[in-house]
Amino acid sequence: MIFSATFFASLAVLLPTVIVPEAKKLPSDVSQQVMLTASDATVLDNTALAAGIVRSETNIPLQVEVNVTSAPPTNDKTVTLVAAVRTTRTDRDGLEGIVSGYVDKVSLNRKSAAPQDVPVPLTIHASTGVATETPRTGYQYNFPLGVERHEYPVYDSEARLTTQAQYLDDERTVQGVRLFHFQQRIENLNLQERLGDVASLEMPSQAWGIDNSQEPVRMALYYSVVRDLWVDPATGMIVDQRQDVLRQLGNTDGFRVTSLQADLHFSASTVTENAKEAQRNGRLLFWGSTGVPILLGILSAGLLVFATALGRSASRSRTEDPDHDQPGSVDATSRWKESPVGGSPTRT
């Protein structure tokens, strides 16, 4: 019994200090689908662009589908994620409805959730079909486990830039999960200067509506975003996200044509499912790091008390029975002698 108590006590210590920290890591098998929607977006009219006219359309229903799955190389220390992202306008069918799309591949440290340098992260944009190396720092698909109330570096795939997301509050609760609210801001960033001509558009001056000439004019892509993230602090899971995005083609003289303006947010079903998943994973972490060790500690203490009580009871029994386990004295044994054959013992 003493051995059992010691075993449970040791396990209660090992669970939160050794076993659980080893298990507290990103899963190796990932399959997640999320949807962001906007009901009154402004987008560049691709049909008009094909006809040689650069113009925007307003009040467009928009959705962004994000499918994240794990892929090789994935092992005990690293998980590689492949994210397919497609933005479509739902008022048009087929290819006419596609606004943009890309595939992103990055390997993350399973304990810290930080992106790894090897293998080098890659991004393939649908418009070019070319895989571009996109090394990065900052969190993207998941915050680290055990999020605290301070700023965190967050990677923006559009700008290929990491900036700090500021902690704002913890006032929101979804499905019983209290969420930490972070916000990232990027203001009027010239993406052509950062990424090259891939983040620009060249069209005749007439197409831009500047004049009637056919002189080619290249406009840079300017990018702004306010990104709000609601994160489960226990698991680091991004339960809800809202992006107020503005992309404009223009120049330093102040000319601007909006290519995308949208207030995108997770769908209600996505938020609910994310919160339920965070709740499930949070329970597993709690029982492994707190609940089970407490129960084992109580059990081991109870066993030790019980074993001590048994030991004291046995000691009292030996004290109350003086003949127990004591050898007979010469005087005691000499009082008895055998009677003649066939008779009973007699006492002298």
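**Exercise 1. In which sense do strand 7 and strand 8 pair, and over how many bridges?**

Solution. 
Step 1. Find strand 8 at residues 161-174. Strand 7 covers residues 152-156.
Step 2. Check the direction. The two strands pair in the antiparallel sense, over five bridges. This is a predicted model.
Step 3. Pick out one bridge. Pro153 has Gln164 in strand 8 as its bridge partner.
Step 4. Look at the connection. Strands 7 and 8 form a hairpin, with four residues between them. In the turn, Arg160 has a positive phi of about 55°.

**Exercise 2. Explain why strand 7 is described as largely enclosed.**

Solution. 
Step 1. Recall the cut-off: buried means under 20% relative accessible area.
Step 2. Apply it to the strand. Four of the five residues in strand 7 are buried, so the rest of the structure largely encloses this strand.
Step 3. Of its 348 residues, 39% are buried.

**Exercise 3. Is Asn142 buried or exposed? Describe its surroundings.**

Solution. 
Step 1. Asn142 sits in the loop between strand 6 (131-133) and strand 7.
Step 2. Compare with the cut-off. Asn142 has 14% relative accessibility, so it counts as buried.
Step 3. List the contacts, leaving aside neighbours within four places in sequence. Asn142 touches Leu26, Ala113, Thr235, Gly236, Met237 and Ile238.
Step 4. Follow the side chain. It reaches the backbone oxygen of Thr235 at 3.4 Å. A polar atom of the Asn142 side chain also lies 3.1 Å from the backbone oxygen of Gly236.

How values were computed
Residues numbered from 1 in each chain as written. Predicted model: local features only at pLDDT ≥ 70, side-chain atom pairs only at ≥ 80, totals over all residues. Heavy atoms only, no water. Buried < 20%, exposed > 50% of the residue type's maximum accessible area, 1.4 Å probe, protein only. Pairing = 2+ DSSP bridges. Polar contact = N/O pair within 3.5 Å; in protein donor to acceptor, adjacent residues only side chain to side chain. Contact = heavy atoms within 4.5 Å.
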